[in-house]
Amino acid sequence: MLVKIFVYGTLKPGECNYSRYCEGKVIKAEEAIAYGQLFHLCELGYPGMTLGEGKVRGVVLSFTDPHIFQSIDVLEGYAPNRPAEENEYNRQQIEVYTVTGTLMGLVWTYIMTPQRVDLRGGVFLPEGIWHQEVADKCDRP
């Protein structure tokens, strides 16, 4: 069974969590676009995505091991048996598209609620792209 996860932050190839959680396990990585809004969480140094009308650029990672969720769920602060409002992110399936606009189908991703983004002081990224340089430029207390 192939597991596909849309990542838009620290799990993207080249970002800080890719080597620990994904390297050597990914069989395919494809640039993709999802509909939503992307925010940088300055105090934490990583992004959060909410559902919405904008475009978020990321990567669809394909895995053959369905147990990949065990480690990534922990990283993302997600527990399936916990109420959604108590999770840092919630894992759900969304439609994603190639960069040219072709539907790729449903894939898993980790979504933040707008309330959680507000609580974390999210700064809207209108271009829908996050990379470590965004975090490095953030004014942290």
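The points that follow take the strands in turn and then the core.

1. The model is predicted, so local features need pLDDT of at least 70 and side-chain atom pairs count only at pLDDT 80 or more, whereas totals for chains, interfaces and linings use all residues. Residues are numbered from 1 along each chain as its sequence is written, and side-chain values use heavy atoms, with hydrogens and water left out.

2. Strand E1 covers residues 3-7, and because 4 of its 5 residues are buried, E1 is largely enclosed by the rest of the structure. Buried here means under 20% relative accessible area (1.4 Å probe, protein chains only), and strands are DSSP runs of E with at least two residues, helices runs of H or I with at least four, numbered from the N terminus.

3. E1 runs antiparallel to strand E3 (residues 46-63), to which 5 bridges join it; two strands count as paired if DSSP finds at least two bridges between them. Val3 has Phe63 as its bridge partner in E3, while Val7 stands opposite Val59.

4. E3 is also joined by 14 bridges to strand E2 (residues 26-41), again in antiparallel fashion, with Ala34 opposite Val56. The two strands form a hairpin with 4 residues between them, and Gly45 in the turn has a positive phi of about 85°.

5. The largest nonpolar core has 36 residues, of which Ile5, Phe6, Cys22, Met49, Leu61 and Phe63 touch the most other members. Such a core is a set of buried Ala, Val, Leu, Ile, Met, Phe, Trp, Tyr and Cys residues joined through side-chain atoms within 4.5 Å.

Technical notes:
Buried means under 20% relative accessible area, exposed over 50%, partly exposed in between (1.4 Å probe, protein chains only).
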